[in-house]
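Please open the model in your viewer and keep the selection tool ready. The tour below goes from one selection to the next and says what is to be found at each stop.

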Amino acid sequence: MTDRTRIVGYCCSYGGYSAADLAGVMRIRYSSDVMVIRVPCAGRIDVLHILKAFRHGADAVFVAGCLEKNCHYEYGNFEAKKRVEHARRILSSIGIETGRVEMFNVASNQGWRFPAIVREMVSRVEKLGPSPLRKVVE
Amino acid sequence: MIIAEQKPLEEICRIIEGHHKILVAGCKSCVAICLAGGEKEVGLLAESLRLYADLNDREWEISEITVERQCEKEWVREMRPSVEGRDVVISIACGVGAQVMQEHYPDVRIVPGLNTSSMGAPEEPGIFLEKCGGCGDCVLHLTGGICPIVRCAKSLLNGPCGGSQNGKCEVNSETPCAWDQIYQSLKRQGRVDLIEKVIPPKNWIPSMSGSPRKTIRPEAVLTPEEKKAKEGVD
């Protein structure tokens, strides 16, 4: 294990992942601390996926779905938003800062936005410090 | 269906403090419908407890199981391999399921992970409403199919009261007045005459009177001979 920040990004294939792909095509640099996990829709993400990421040593987790009212599956991003909120409530009751989890809405043509999201999450981890669960994983 | 809600995680953690081998046991019936104790919620609670344990240096070994119905001993009996060797079982079935578990595994500590509140139905996704108080003396035939016992804040049998305003209840302005609903329902059915029928003081003896209420269906009760013949009956 290294001291590197570990951020897990669950990215919707149509929104977040496509934006990340476009960021690459546009040659925009962003932190390599992010681990992108492609999912068919943000609505596929369950609270359990978020909690498991933390138990396996993530410092922060974000879900990047399509823009609101623009979900390929109509309401998957709304579902994801509620699950992120649910995960925050659980993490708060456990004693983990809720700022470590966030939901973003990105369009596939917003290649510039994905690196901005990564920067935002990296900056949050810098402020909050490594996840308190790191000591257990390591 | 029975409606229940998960206890706060902090409370569950306090209850199981001092135990080491923990089983989270769910039920795939009512509590799965109200998203409190089904297979998914079992996974979520178990994972939350693992995170809590990791963070707070607790040596908890947490396992999971969900059965079809925790209120029936036939299903509860099948849990034996998972229950044996556990210090404590967090039952996230309703209070009935938790008690059946305790009766079946008297040597294991069974603790509730849910607060069981009422009997009701889903109104819309994520919203569940109490519909029946289990009073044991149903009057739905007189009240247009709407229960005045639980849906009227004052359980009035001859309502509405003076606090009914524009079809809403004075206790909570978001709650429909049950007696307004009853009137509207009877009107739709062409039976408004029923609202003029005075319902006499209710017989509360069939409701929560003195002891656990036991219901006996003689045609289904096993004779001693049948009990002996039936394999696996305790």
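Select Lys69(A), which is exposed at a relative accessible area of 76% (buried means under 20% relative accessible area, exposed over 50%, and partly exposed in between, with a 1.4 Å probe and protein chains only). Lys69(A) sits in the loop between strand 3 (60-65) and helix 3 of chain A, where helices (H or I, at least four residues) and strands (E, at least two) are DSSP runs numbered from the N terminus. Its phi is near 65°, a positive value in a residue other than glycine.

This is a predicted model, in which local features need pLDDT of at least 70 and side-chain atom pairs count only at pLDDT 80 or more, while totals for chains, interfaces and linings use all residues. Residues are numbered from 1 along each chain as its sequence is written, chains are lettered from A and ligands numbered from 1 in the order in which they are written, and side-chain values use heavy atoms, with hydrogens and water left out.

Now show Gly159(B) and Pro160(B), whose connecting peptide bond is cis, with omega near 0°. Pro160(B) belongs to the loop between helix 7 (148-151) and helix 8 (178-189) of chain B. Most residues other than glycine have a negative phi, and most peptide bonds are trans.

For the next stop, display helix 3 (residues 76-94) of chain A together with helix 3 of chain B, whose axes come within 10 Å and cross at roughly 35° (axes are lines fitted to C-alpha atoms, for helices over the stretch in contact, and angles run from 0 to 180 degrees between N-to-C directions). Contact, meaning heavy atoms within 4.5 Å, is made by residues including His86(A) and Ile90(A) of helix 3 of chain A and Leu44(B) and Tyr52(B) of helix 3 of chain B.

Finally, select Cys12(A): which cysteine sulfur is nearest to that of Cys12(A)? It is the sulfur of Cys66(A), 3.6 Å away, and Cys12(A) is in no disulfide, a disulfide being a pair of cysteine sulfur atoms within 2.5 Å. Cys12(A) is buried, with a relative accessible area of 3%, whereas Cys132(B) is partly exposed at 37%.
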